[in-house]
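These are my notebook entries on a structure that I had not examined before. I record what I looked up, in the order in which I looked.

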Amino acid sequence: MPSQKPALALDLDDVLKETCAALCRFHNAHFGTNHTPEKMPSFNLDISWDCTSEETARRLDLFFRSEHHTEATPMEGALEALQILAEHYELHIVTARPEVVRNMTAAWVNRHYPRLFTHMHFLSAHHLDHNSRPKSDICRAIGARVFIDDGVHNVKDVFEKLGIVTLIFTQPLNFGWEMPKGMLRVNNWGEILDHLVPN
């Protein structure tokens with residue numbers, strides 16, 4: 001029987017998991033850089049790492065197989081908030097990660113957020129796929145009523161195409177971005193609850 005709860009779609013990296021910080025630690029340890037989330041110039045790692053797409057893909061493969069990925073921490077307050085949200089919404093992860101890392105990603109999610117998500121949607125076939133499906137496609141297919149992400153390109157895509165409740169989770173790369181009227185900025189999971197859970 002189909003769920004009677006509205007669908008809530010949310011990003012994984014830097015919404016559920018502190019990925020950028022873990023990625024910076026990995027890159028600094030392996031490639032002698034001094035990156036921090038606050039100093040990353042772009043969501044595009046080719047630009048941030050000043051390397052080719054092929055080299056970026058190789059480094060990401062190393063990261064996903066490293067302890068930096070495995071041991072990355074959940075976002076503060078996310079588990080408790082999601083346990084409450086699950087009473088009101090059907091929860092879906094919608095990530096730009098490639099299918100090739102599904103198993104290791106699912107292992108991390110199931111360890112930190114057990115039995116909370118209806119489905120995990122992966123949008124890229126591989127790390128070099130710069131033309132992966134937009135997140136609005138998945139949100140439309142699952143009938144999402146709410147979308148949460150930290151990527152400016154993703155929230156713009158969903159908000160402009162679907163007009164659903166869209167929350168941008170504040171991170172250094174999106175700080176200061178001027179949002180369109182009707183979109184909401186949230187700084188932590190407590191604020192997400194304030195917006196989404198009926199009193």
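Entry 1. I take a residue as buried when its relative accessible area is under 20%. The model before me is predicted. With that cut-off I went through helix H8, residues 152-162, and found Val152, Asn154, Val155, Asp157, Val158 and Phe159 buried. I then asked what covers the buried residues of H8. The cover includes helix H7 (135-142) together with E4 and E5. After H8 comes glycine 163, and I noted its positive phi, near 65 degrees.

**Entry 2. The whole chain.** I counted 9 helices and 6 strands in the protein. The radius of gyration is 16 Å, close to the 16 Å of the globule rule for 199 residues, so the protein is as compact as a globular protein of that length. Along the principal axes, I read a span of about 50 × 35 × 30 Å for the C-alpha trace. Buried residues account for 49% of the 199 residues. Of the contacts between residues at least 6 apart in sequence, 63% join residues at least 24 apart.

**Entry 3. The sheet.** In which order do the strands of the open sheet lie? I read the order of its 6 strands as E3-E2-E1-E4-E5-E6, with parallel pairing. E3 and strand E6 (184-186) are the edge strands, each pairing on one side only. On average, neighbouring strands of this sheet are turned by 25 degrees against each other, direction ignored.

Entry 4. I followed E1 to both of its partners. E1 and E2 pair in the parallel sense over 4 bridges, and leucine 10 has isoleucine 93 in E2 as its bridge partner. E1 and E4 likewise pair in the parallel sense, over 4 bridges; here alanine 9 stands opposite phenylalanine 147 in E4. From E4 I went on to E5: the two run parallel and are joined by 4 bridges, with valine 146 opposite valine 165 in E5. How enclosed is E4 by the rest of the structure? I found 5 of its 6 residues buried, so E4 is largely enclosed.

**Entry 5. The nonpolar core.** Which residues have the most contacts inside the largest nonpolar core? They are Leu82, Leu85, Phe117 and Trp189, in a core of 32 residues. Among the elements that each supply at least two residues of this core are strand E1 (7-10), helix H5 (78-85), strand E2 (90-98), helix H6 (102-112) and helix H9 (189-196). I then listed the neighbours of leucine 82, not counting residues up to four places away in sequence: Leu10, Leu16, Leu91, Tyr113, Leu116, Phe117 and Trp189. As for H6, I noted that it lies across E2 and E3 and runs at about 145 degrees to E3.

**Entry 6. Two residues between H1 and H2.** Threonine 36 lies in the loop between helix H1 (19-31) and helix H2 (45-49). Its relative accessibility is 24%, so I class threonine 36 as partly exposed. I also looked up the separation of its C-alpha atom from that of proline 180, 144 residues apart along the chain, and read 28 Å. Serine 42 is also in the loop between H1 and H2. Is serine 42 buried or exposed? With a relative accessible area of 16%, serine 42 is buried. Leaving aside neighbours within four places in sequence, I found serine 42 in contact with Ile47, Ser48 and Leu173.

**Entry 7. Two aspartates with positive phi.** Most residues other than glycine have a negative phi. Aspartate 14, although not a glycine, has a positive phi of about 65 degrees. I located aspartate 14 in the loop between E1 and H1, and at 13% relative accessibility it counts as buried. Aspartate 50, also not a glycine, has a positive phi of about 50 degrees. I placed aspartate 50 in the loop between H2 and helix H3 (53-64); at 71% relative accessibility, aspartate 50 counts as exposed.

Terms used:
Residues are numbered from 1 along each chain as its sequence is written. This is a predicted model: local features need pLDDT of at least 70, side-chain atom pairs count only at pLDDT 80 or more; totals for chains, interfaces and linings use all residues. Side-chain values use heavy atoms; hydrogens and water are left out. A nonpolar core is a set of buried Ala, Val, Leu, Ile, Met, Phe, Trp, Tyr and Cys residues joined through side-chain atoms within 4.5 Å. Buried means under 20% relative accessible area, exposed over 50%, partly exposed in between (1.4 Å probe, protein chains only). Contact means heavy atoms within 4.5 Å. Two strands pair if DSSP finds at least two bridges between them. Axes are lines fitted to C-alpha atoms, for helices over the stretch in contact, and angles run from 0 to 180 degrees between N-to-C directions. The radius of gyration is taken over C-alpha atoms; the globule rule is 2.2 Å times the number of residues to the power 0.38.
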